[in-house]
Amino acid sequence: MKTHEILFQTLSQADDYVNGEQLAQELGVSRTSIWKAIQRLEKDGVVIESLKKKGYKLVSGDILLPEVIASNTQLTVSLNEQCSSTQLDAKLGIEAHQEGKALYLANSQSAGKGRFGRDYYCPDQGGIYMSLHLKPQLPPAELSPYTLMVAGAIYKAIKNLTLIDIDIKWVNDIYYRHKKIAGILTEAITSIETGLVTDVIIGVGLNLAIPTFPEELESKAGSLFEGPCPITRNDLISEIWKEFFQTDIDELVYLYKERSLVLGRTVTFEQNQQTYQGLAKDISDTGQLLVQLDNHGEIWLNSGEISLKQWNL
């Protein structure tokens with residue numbers, strides 16, 4: 001690990017100020033190297049307080065540590081400092097014949113996209129932007145419900161680390177205090193020759209500690225923490241993927257349904273250029289939404305067919 005990464009870990013684990021000379025001795029570097037590492041961290045948005053005769057103290061912010069996340073999750077983890085989209089990074093990895101179970105990270109994205117190509121706000125600090133590449137090699141009908149599983153894993157991870165309960169809006173949005181704090185985008189690549197899904201990319205954008213948003217997003221977007229954040233992005237990223245791989249699929253799907261904001265509520269949606277309204281009654285284990293229409297008929301909706309237009313909190 002680089003000096004600034006080790007320094008960040010040391011400061012994040014300290015309860016008080018750490019003397020600069022002590023830091024240099026522990027890291028086996030010069031005081032000048034410590035000073036340069038502090039500057040690097042501050043450039044990355046980490047706030048560090050410095051006092052004479054006392055040393056340095058971490059105030060806020062963090063940096064992504066791929067080696068730490070890899071050690072915690074057994075994934076191959078990479079960080080792109082000049083990222084346009086982690087989904088694109090994963091696709092480039094596929095083209096380069098990278099193996100599956102690879103996690104692509106970014107501090108920010110210049111061209112982050114959600115479902116239907118919508119722009120995704122990605123500031124330099126406080127957000128989690130990542131894409132996981134898997135190689136299932138299965139027929140489409142046998143695929144796991146990845147979006148539901150990731151949403152359930154996000155719920156479990158946040159609950160484990162913070163005791164906070166978040167909610168899930170069908171099909172791929174995470175909400176907290178009536179505002180969207182995360183979105184999930186799952187894409188698949190199918191072989192024409194075999195008909196098998198060869199690759200799946202699961203993208204996640206999550207607002208962990210973003211205090212402010214552009215005016216046009218203030219009423220819609222939120223953050224898990226708007227003030228001091230008690231956990232790091234490394235903590236949450238590691239916990240999400242540990243839960244994703246280690247928790248039984250049925251449990252993750254159950255949690256998805258249990259935390260649903262949609263079930264039992266009136267929803268409207270568009271299909272074939274017509275607007276429909278009905279009561280959301282159930283979510284299948286594969287992610288379809290059952291809606292009882294106002295004319296008493298029922299319809300199963302697929303995630304790719306509709307977008308929910310309104311729902312009551």
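Mentor: Domain bounds come from an automatic or database domain assignment. This is a predicted model: local features need pLDDT of at least 70, side-chain atom pairs count only at pLDDT 80 or more, and totals for chains, interfaces and linings use all residues.

Trainee: What separates the centres of domain 1 and domain 3?
Mentor: Start with the assignment: domain 1 (3-60), domain 2 (66-259) and domain 3 (265-311). The centres of domain 1 and domain 3 are taken over C-alpha atoms. They are separated by 53 Å.

Trainee: How much of residues 20-39 is helix?
Mentor: UniProt, in an unreviewed entry, lists this span as "DNA-binding region". UniProt positions are in the numbering used here, feature names are shortened, and annotations may be inferred rather than shown by experiment. The end C-alpha atoms lie 13 Å apart.

Trainee: Is Gln 109 buried or exposed?
Mentor: The unreviewed UniProt entry lists Gln 109 under "binding site", along with Lys 180. Gln 109 lies in the loop between β4 (102-106) and β5 (127-134); strands (E, at least two residues) and helices (H or I, at least four) are DSSP runs, numbered from the N terminus. Buried means under 20% relative accessible area, exposed over 50%, and partly exposed in between (1.4 Å probe, protein chains only). Because its relative accessible area is 13%, Gln 109 is buried.

Trainee: Which residue has its backbone nitrogen 2.9 Å from a polar atom of the Gln 109 side chain?
Mentor: Contact means heavy atoms within 4.5 Å. Leaving aside neighbours within four places in sequence, Gln 109 is in contact with residues including Cys 83, Cys 122 and Tyr 129. The backbone nitrogen at 2.9 Å belongs to Thr 86.

Trainee: Which side chain does a polar contact join to that of Lys 180?
Mentor: Lys 180 lies in strand β8 (residues 179-190) and is partly exposed because its relative accessibility is 26%. A polar contact is a pair of N or O atoms within 3.5 Å; within protein, one must be able to donate a hydrogen and the other to accept it, and residues adjacent in sequence count only if both atoms are side-chain atoms. Here the distance is 3.2 Å, and the partner is Asp 173.

Trainee: Which residue of β9 stands opposite Tyr 129?
Mentor: Two strands pair if DSSP finds at least two bridges between them. β5 pairs in the antiparallel sense with β4 over five bridges, and with β9 (residues 197-207) over eight bridges. Tyr 129 in β5 faces Ala 106. In β9, the residue opposite Tyr 129 is Gly 205.

Trainee: How many residues of β5 are buried?
Mentor: Take the two sides. Gly 127, Tyr 129, Ser 131 and His 133 point one way; Ile 128, Met 130, Leu 132 and Leu 134 point the other way. The buried count for β5 is eight of eight.

Definitions and conventions: Residues are numbered from 1 along each chain as its sequence is written. Side-chain values use heavy atoms; hydrogens and water are left out.
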